[in-house]
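Subject: Structure handover

Hi,

Here is the structure I promised you. Please open it first, then read my notes below.

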Amino acid sequence: MKITFPHLGDAYIAVRLLCNEMNVDCIVPPLNTMETLERGSRYSPEEICLPFKLMAGNLMEGIENGADTVVMVSSNGPCRLGEYGELLKSVLDKNGYHADWILLDTVQAIGIRELLKRAGLVWGGKKRSKLKLLGALKGVYKVIHSLERMEKEIHFRCGYEIERGRLKAILYKCKKDICHSDSINDALKIIENYSDKVKEIPLDREKNPVKVVLTGEIFSLIEPFGNQYLEDKLMDMGVSFSKRITIGWWIDTTFVQPLKRARMMSKKNGFLNYCIGGYAKDTVEEVIEAKKNHYDGVIQLLPLGCMPEIVVKSIMPDMAEELDIKILTVVFDEMNGEAGYITRIEAFIDMLQRRKQHVLYGY
Ligand code: SF4
């Protein structure tokens, strides 16, 4: 069995390490490019959201490169991700891309037993020590969280950097080295080493950079191609930023502590009191948190055709007014021109900078 999977940010780094550890053959599709999107779009329903088109492109490339089994996560809705698995299979089958499918649905949707049973299929029924699998999962979990901790620190420190670009270079070098590492332990050592380097980069603590929160649809937040490398651009501009939704956060809220999340989701916030699918309610709550934590602004990211985030977009003007916080909504689709999108981000950051100066110094 040779597995493949669709891209979601750095998830491929962790999946490759896990498969190496468990001796499972795994074909990592090439990273997302315009070509991936064009291929996926050719075969996808026109109105479907952007992640579907990219995932279709990834899986075609994975199957072409020799994979015979697709492994992907799903959700029980109500947004479209709940149907992605079945629809993707049907689209790929019809176009000659045949593979076996293992859908890893949420605990709420299929229960823990069924989830473990399906996860077991990934190891192809080979008898492997459960202890080894548990150790590998624990190790990969640690890799994901350590890398995200470092990334978070870099995103915050970028606004205070004296020589712009050094932190970003460290991040890229670290990810590149992990991609070439053969074991979980090596990957953890690499991250530790680069985390030390991050602390050595000189900062100007007197600076008062613009601070923003990135929020919105999960795929656009995690997959750099899905947001046209927005994080890189913010780092280049010297903006301090943070985002809550990451792969580690998703694993925690979906598999590790699903009940805690369900409790949080049942709380009302006054703007969007019920879960309407995707991470819409999280987006609303992050705007409220951003205001409480004195951020200068919020950037909401969503792909064209995303149902839950469109609803949030319509609530944003009221939130901006009531909470007195600036919000920019950026919608990505396959027609996006990079220049137009960069201009909007730059104009937003520039406006936040001027607003800050006006509030602090009166000019
Ligand atoms: S959250 Fe939006 S973009 Fe993501 S799968 Fe659901 S509808 Fe599509």
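Helices (H or I, at least four residues) and strands (E, at least two) are DSSP runs, numbered from the N terminus. Phi of Q228 is near 55 degrees, a positive value in a residue other than glycine.

Two notes on the source. Residues are numbered from 1 along each chain as its sequence is written. This is a predicted model, where local features need pLDDT of at least 70, side-chain atom pairs count only at pLDDT 80 or more, and totals for chains, interfaces and linings use all residues.

Is Q228 buried, exposed or partly exposed? A residue is buried if 20 or more other C-beta atoms lie within 10 Å of its own, exposed if 12 or fewer, and partly exposed in between; C-beta atoms are placed from the backbone. Q228 has 17 C-beta neighbours inside 10 Å, so it counts as partly exposed.

Now look at N23. It sits in the loop between α1 and β2. N23 is not a glycine, yet its phi is positive, at about 55 degrees. It has 11 C-beta neighbours inside 10 Å and therefore counts as exposed.

**Helix α1**

**Helices α6 and α8**

α6 spans residues 130–157 and α8 spans residues 184–200. Their axes come within 10 Å and cross at roughly 15 degrees. Axes are lines fitted to C-alpha atoms, for helices over the stretch in contact, and angles run from 0 to 180 degrees between N-to-C directions. Angles under 35 degrees count as roughly parallel, over 145 as roughly antiparallel, 65 to 115 as roughly perpendicular and the rest as oblique. So α6 and α8 are roughly parallel to each other.

Their crossing is left-handed. That term applies if the near helix is turned anticlockwise from the far one by less than a right angle; clockwise gives right-handed.

On the α6 side, the contact residues include A136, V140, L147 and I154. On the α8 side, they include I184, L188, I191 and V198. By class, this contact has twelve nonpolar, three polar and two charged residues. Ala, Val, Leu, Ile, Met, Phe, Trp, Tyr, Cys and Pro count as nonpolar, Asp, Glu, Lys and Arg as charged, and the others, Gly among them, as polar.

**Helices α13 and α14**

Here the residues are 280–292 for α13 and 307–323 for α14. The axes come within 9 Å and cross at roughly 20 degrees. The two helices are therefore roughly parallel to each other. α13 passes α14 in a right-handed crossing. Among the residues that meet are V284 and I288 in α13, and V311 and I315 in α14. The contact divides into ten nonpolar, one polar and two charged residues.

**Domains**

The chain is divided into domain 1 (2–128), domain 2 (142–206) and domain 3 (210–363). These bounds come from an automatic or database domain assignment. The C-alpha centres of domain 1 and domain 3 lie 26 Å apart. Their contact takes 21 residues from each of these two domains.

Best wishes

How values were computed: Contact = placed C-beta atoms within 7 Å.
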